[in-house]
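Please examine the sequence and the model shown here before reading the report. The notes after it are meant to be checked against the coordinates.

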Amino acid sequence: MDPDTDSFHIEAPGYFHWFTKFFAGRGGEYDLGEIALERERTITGRVRNARSREPIAGALVRRAWQHHEDGLLRRFTINWFGSRGTETRTDGTFALGLLPAGADRLEVRGRVDDRAFVRVVDLPPGVTHLDIDLAFDFAIAGTLVLPDGTPAEGTVRLGHSSGTRWEHTAANDGVFRWESLGGGEYRLSAESDEGVVESRAVVLGDGESAENVRLVVDPGGRIFGTVEGLVRGEFMMVAVRDRNGRTVLSRELANGVYSLRGIPTVANVTARTTLQRVLTRQVRLDDQGEARTDLDFSGDSRVAGTVRAGGRPLGGVNLAVVPEDQSPVVYATTDELGSYAAEGISDGPHSVQTQTGHSFDVHVEQRTRLDIDLPQNSLFGTVRDGRTGRPVVGGWVRLARADASRAAIRVRVASDGRFRFEGLSEGDYFVRVSHSDFSESSRRVHVAGSEIVEFDLESRSGG
């Protein structure tokens, strides 16, 4: 099979088809394990206007995104078949087949009075007939304003609890409006060059509309400056966080002059590009509530090096580069050669902290190299089904020092049921394995050198 293009399907009468993709670079043989197929069902019903009771013809009815995915049972529950579905007839009736038994929502798309609509409705388990009555007489409208009541320009977004999203551009009058909405819970948010807008929830009940919503723009302080060093086709998202780590605003920027309002007195600015280059800055506004913050990607300080254990490179090790004042923090992960690079760091004293709880001091000055040697101690293991002896796919293994001197770390169980922790300090650890289909299992292990531990899990169902 060509791993670049091939996929694998299972089709069985009375069951929903199963699908997986073979990704480039993996090659070799694949053990798909046990595959649980879901029963197939057909849903019939009728779509009507809830107020007029008139049928809605020509509406597309299809399966919506699943609420709860179940990859551990290898059930393919994502709406990967895209626009496949069925249209309602002139009397509003429909028959939708090829649904998995576990489908829990339907999506209905169409037009009423020349207005497009999208609705997501719950599909109760075991139901084979569902009449869908849709309401279209709700509205949400209001104004985007500054604290003194002056209208502000910006982009206002409306999101429904079903996952549907709408967007409206509020011009110089600040007015926004959506009509022909259904009932339910909505969330209003906005983005404005005038400052930061707090989002708010709006609940529409029977016959209720929200016609006079005021979204207030907080001007706050301002940061400004230039963006330089982005290459052709590269874009940047800048996030501003307050001293508590809460994201105040985020914007996409390109090379050139920029200005952002709504900035708290003390803020952390993180700029990340589409090429995963990162700059971090700590900002303190002056007496006029402003601060110049230039973002230059053409040559900023960084710390880079390798992570090894006993001379062997370690891939997949998560690192945090923490400045002396504790913020902002830059994160990096080693590649298969054990190499890492943390870009956009301010000059000065930092500590590089590993997920295993080790910390290494470094003074960053432009291009700084720090090679890290971790202890050779490691813990390897296998997780099996105690009844069948077969490897358990998925689940998590959590490792914590028995003396609680360091934060716990955890890894995902691989497809062959194996897990590993490397670069550990010698000592006693608690190892805990958790999986949705099996009872939790844990034990205490002394790590000195290379240790191996195996877990045989008991099924929750007892079968």
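The report below covers strand pairing, backbone geometry and the surroundings of one threonine.

## Basis of the values

The model is predicted, and local features need pLDDT of at least 70, while side-chain atom pairs count only at pLDDT 80 or more and totals for chains, interfaces and linings use all residues. Residues are numbered from 1 along each chain as its sequence is written, and side-chain values use heavy atoms, with hydrogens and water left out.

## A three-stranded open sheet

An open sheet of 3 strands runs in the order β6-β3-β9, with mixed pairing; strands here are DSSP runs (E, at least two residues), numbered from the N terminus, and two of them pair if DSSP finds at least two bridges between them. Because β6 (93–100) and β9 (129–134) stand at the edges with a single partner strand each, one side of each is left without a neighbour in the sheet. On average, neighbouring strands of this sheet are turned by 30 degrees against each other, direction ignored, where the axes are lines fitted to C-alpha atoms.

The pairing of strand β3 (residues 40–49) with β6 is antiparallel and extends over 6 bridges, and within it E40 stands opposite P100 in β6.

## A hairpin

Strand β19 (residues 236–242) pairs with strand β20 (residues 247–253) in the antiparallel sense over 6 bridges, with M236 opposite L253 in β20. These strands, β19 and β20, form a hairpin with 4 residues between them, and G245 in the turn has a positive phi of about 85 degrees.

R53, although not a glycine, has a positive phi of about 65 degrees; R53 is placed in the loop between β3 and β4 (60–63). With 41% relative accessibility, R53 counts as partly exposed, a class that lies between buried (under 20% relative accessible area) and exposed (over 50%), using a 1.4 Å probe and protein chains only.

L98 is likewise not a glycine and has a positive phi of about 60 degrees, but L98 is found in strand β6. The relative accessible area of L98 is 40%, so L98 is partly exposed.

## The surroundings of T334

T334 lies in the loop between β29 (330–333) and β30 (339–343), and with a relative accessible area of 4% T334 is buried. A polar atom of the T334 side chain lies 2.8 Å from the backbone oxygen of L314, and the side chain of T334 also reaches the backbone nitrogen of V317 at 2.9 Å.

Leaving aside residues up to four places away in sequence, T334 touches V307, L314, G315, G316, V317, L319, S339 and Y340, where contact means heavy atoms within 4.5 Å.

Terms used. Axes fitted to C-alpha atoms, helices over the stretch in contact; angles between N-to-C directions. Polar contact = N/O pair within 3.5 Å; in protein donor to acceptor, adjacent residues only side chain to side chain.
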